[in-house]
Amino acid sequence: MTSKPSPKASINNKKLIFHGHERNDPYYWMNDRNNPEVIQYLNDENDFLKASLQHTEGLQNELYEEMKGRIKEDDQSVPYFKDGYFYFSKYIQGGEYPIFCRKKDSLENPEEVLLDVNILAKGHEYFNVSSLAISTNQNLLAFAQDNVGRRVYTIRLKDLTTGEILKDEIPEITGNIAWANDNKALFYSKQDPNTLRSFQIYKHSLGQQSIEDELIYEEKDETFTCHISKSKSKKYLFINSESTVSSEVRFIEADSPNNTPHLVQSRERDLEYSVEHFEDHFLIWTNHNKALNYKLVKTPVKTTGKENWIDVIPHRKDVLLESFEVFKDFLVLEERFNGLTRIQINPWNGNNSHYINFEEPTYSAWISFNPSFESNLLRFGYNSLTTPSSTFDYDMISKEQTLLKQQEVLGGYNPNEYQAERIWAIADDETRIPISLVYKKSLFKKDGSNPLLQYAYGSYGFSTDALFSSNRLSLLDRGFVYAIAHIRGGQEMGRNWYENGKMLKKMNTFTDFITCSEHLISNQYTSTKKLFAMGGSAGGLLMGVIINLRPDLYKGVIAAVPFVDVVTTMLDESIPLTTGEFDEWGNPKEKAYYDYMLSYSPYDNIERKSYPNLLVTSGLHDSQVQYWEPTKWVAKLRAEKTDDNLLLLYTNMDAGHGGASGRFYSLKELAMEYAYILNLVK
């Protein structure tokens with residue numbers, strides 16, 4: 001441990017008055033990244049962290065080499081066939097970033113490199129490429145790059161026949177792009193430069209200056225965002241406007257990009273829908289007519305209003321319809337039942353509807369990328385807490401499935417050495433909460449002696465599935481149990497699971513996590529002296545609340561990019577994402593929501609008491625949770641907490657919400673986090 005004193009932030013009290021209620025914020029001044037004192041404080045915290053963890057540097061290096069050593073450096077994705085080419089990506093020895101490639105007609109033909117991100121990323125501390133889009137004639141590549149981490153991209157174009165990067169360059173966009181069928185018009189979405197809300201759709205014509213691009217659509221409602229997509233049939237471009245509880249879609253024929261967009265169905269509050277094309281109909285996933293768990297309907301392309309919608313897959317009270325895939329002869333559904341994903345195959349002729357069989361007690365399965373409309377093969381993905389990520393082709397006629405690739409874990413991995421379980425905790429209102437967990441059989445004793453890391457997210461209806469991680473083996477092989485709490489606010493148990501963990505029911509998210517912790521302790525999977533908790537972003541908010549409510553339960557907590565200053569952030573509509581969040585958290589300009597948010601906001605509920613050991617991570621350029629939230633939170637905790645437990649803040653000065661870029665560099669941050677909690681295990 002270090003003798004270096006912890007940083008002390010300057011106090012500059014600011015009164016914040018709303019609804020006649022006065023709050024005092026001593027660290028409000030930290031929301032100016034151009035203030036040298038702010039940067040100095042962040043650097044001081046980073047220096048303190050380095051000094052405090054100096055004695056773990058050997059362990060950090062050991063963990064890093066261990067995790068890196070399990071990754072196959074020269075690896076390749078499973079190729080998929082589209083428009084005459086097999087497309088795939090690969091990594092090479094020592095490469096941090098992917099190389100995107102294709103082969104014409106046959107996998108035996110020569111490889112064509114579309115984009116080597118390792119070359120593009122040279123000289124950048126952070127680099128990310130997203131949204132690769134190939135023109136209809138297969139000769140042009142559009143891609144979006146970000147070298148800051150704030151998710152503000154620049155579109156660049158490459159001529160695949162010559163290898164030349166074209167002069168066309170479109171800065172400050174979202175990274176969302178789609179080609180029209182004329183191989184000249186490229187549609188993209190653009191964000192507000194201040195709030196980063198995606199609110200405009202533009203059309204770029206090949207060869208012109210971006211300043212000449214045509215505005216096609218502007219979303220004026222500040223609670224909505226918009227993006228562009230293309231149908232699987234390639235016949236239509238969709239302009240999708242979305243809020244948390246409402247949708248509106250327009251379409252343009254991809255062969256006629258200069259035409260005016262047509263409206264599918266005008267927006268209504270609490271009416272959600274999305275659209276795909278099939279023959280002379282649109283297939284629409286929707287919650288229309290109180291279909292809480294969603295249903296699938298169809299409507300003629302020429303008459304798209306909701307009065308024409310006819311059920312294809314009716315609403316089911318116990319089954320959540322998450323997504324679907326359309327083939328010439330089959331409709332494939334991705335559903336969630338009793339907390340687990342399942343895939344249903346439905347022939348259009350109505351014969352032999354069936355499910356793909358999955359046997360493990362807790363797992364994750366999903367429909368993968370299936371660009372071929374004519375195919376009878378469904379590509380899907382599968383993994384579990386003990387089964388590495390796997391890609392399958394499933395013959396929808398013969399029901400035969402073929403394993404195309406399974407993630408290779410170098411150094412030897414035997415799934416039979418590990419045990420996965422699915423157990424249930426009971427909340428005070430009798431709600432059953434599923435918990436997925438995994439441990440190494442030879443190191444587990446159900447007597448409370450094992451350290452346990454409990455993870456959850458629990459917001460936005462995002463379901464946290466039981467996924468394999470080769471990095472996690474570094475904890476399991478040191479005796480840790482790893483548990484995922486599938487708490488309300490997610491969507492694991494259906495849409496109602498989400499509805500009961502948002503807005504004025506948000507407290508269920510936090511108390512569910514605590515209930516799961518108590519269940520794991522009472523059933524002797526661990527003890528309060530060895531229980532650790534981890535969550536990021538909205539899951540970081542969860543971490544902030546639980547240490548205010550039940551600090552006694554946890555030995556240590558990791559809060560990654562945590563959303564912890566809830567009231568102040570949600571009152572500031574100039575901050576990215578705020579206006580679109582009102583239907584998730586509520587609008588604090590209404591007193592009922594203000595009071596409710598104030599009751600759980602981690603920053604506002606810090607007290608003079610003991611807190612667990614806490615590691616907080618952040619990114620200076622984070623566009624989703626602004627860096628000052630975790631920074632203020634740590635500063636206030638330092639001033640108020642009465643214990644000697646280790647409180648550390650790490651700010652990545654070159655990255656944003658997702659942390660470091662590159663497949664190996666990011667492992668250094670994870671190794672630091674693992675070393676932090678391993679050092680606390682006694």
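In helix H10 (residues 591–600), the buried residues are Tyr593, Tyr594, Tyr596, Met597, Leu598 and Tyr600. Buried means under 20% relative accessible area, exposed means over 50%, and partly exposed lies in between (1.4 Å probe, protein chains only). Helices (H or I, at least four residues) and strands (E, at least two) are DSSP runs, numbered from the N terminus. The buried residues of H10 pack against strand E1 (14–18), strand E2 (21–25), helix H6 (507–522), helix H7 (538–549), helix H8 (566–571) and helix H9 (582–585). Contact here means heavy atoms within 4.5 Å.

This is a predicted model, in which local features need pLDDT of at least 70 and side-chain atom pairs count only at pLDDT 80 or more, while totals for chains, interfaces and linings use all residues. Residues are numbered from 1 along each chain as its sequence is written, and side-chain values use heavy atoms, with hydrogens and water left out.

Two helix pairs come next. The axes of helix H2 (residues 57–69) and helix H12 (residues 665–680) come within 8 Å and cross at roughly 125 degrees. Axes are lines fitted to C-alpha atoms, for helices over the stretch in contact, and angles run from 0 to 180 degrees between N-to-C directions. H2 and H12 are therefore oblique to each other. Angles under 35 degrees count as roughly parallel, over 145 as roughly antiparallel, 65 to 115 as roughly perpendicular, and the rest as oblique. On the H2 side, the contact includes Leu59, Leu63 and Met67; on the H12 side, it includes Leu667, Ala671 and Leu678. The residues of this contact between H2 and H12 divide into 11 nonpolar, one polar and two charged. Ala, Val, Leu, Ile, Met, Phe, Trp, Tyr, Cys and Pro count as nonpolar, Asp, Glu, Lys and Arg as charged, and the others, Gly among them, as polar.

The axes of helix H1 (residues 36–52) and helix H11 (residues 628–640) come within 12 Å and cross at roughly 65 degrees. That makes H1 roughly perpendicular to H11. Tyr41, Leu42, Glu45 and Phe48 of H1 meet Thr631, Val634, Ala635 and Arg638 of H11. By class, the contact of H1 with H11 has five nonpolar, one polar and two charged residues.

A search of the whole structure finds 32 aromatic pairs. Rings of Phe, Tyr and Trp (its six-membered ring) pair if their centres lie within 6.5 Å; planes under 30 degrees apart count as stacked, over 60 as edge-to-face and the rest as tilted. Tyr80 and Phe369 form an edge-to-face pair, at 4.7 Å centre to centre and 85 degrees between the planes. Tyr80 is in strand E3 (residues 80–82) and Phe369 is in the loop between strand E27 (363–367) and strand E28 (377–384), 289 residues apart.

| Residue | Relative accessible area | Class |
|---|---|---|
| Tyr80 | 27% | partly exposed |
| Phe369 | 42% | partly exposed |
| Lys232 | 15% | buried |
| Gln138 | 6% | buried |
| Glu279 | 55% | exposed |

Lys232 lies in the loop between strand E15 (225–230) and strand E16 (236–242). Leaving aside neighbours within four places in sequence, Lys232 is in contact with residues including Glu276, Glu325 and Phe373. Gln138, in the loop between strand E7 (128–134) and strand E8 (140–146), has a phi near 70 degrees, a positive value in a residue other than glycine.
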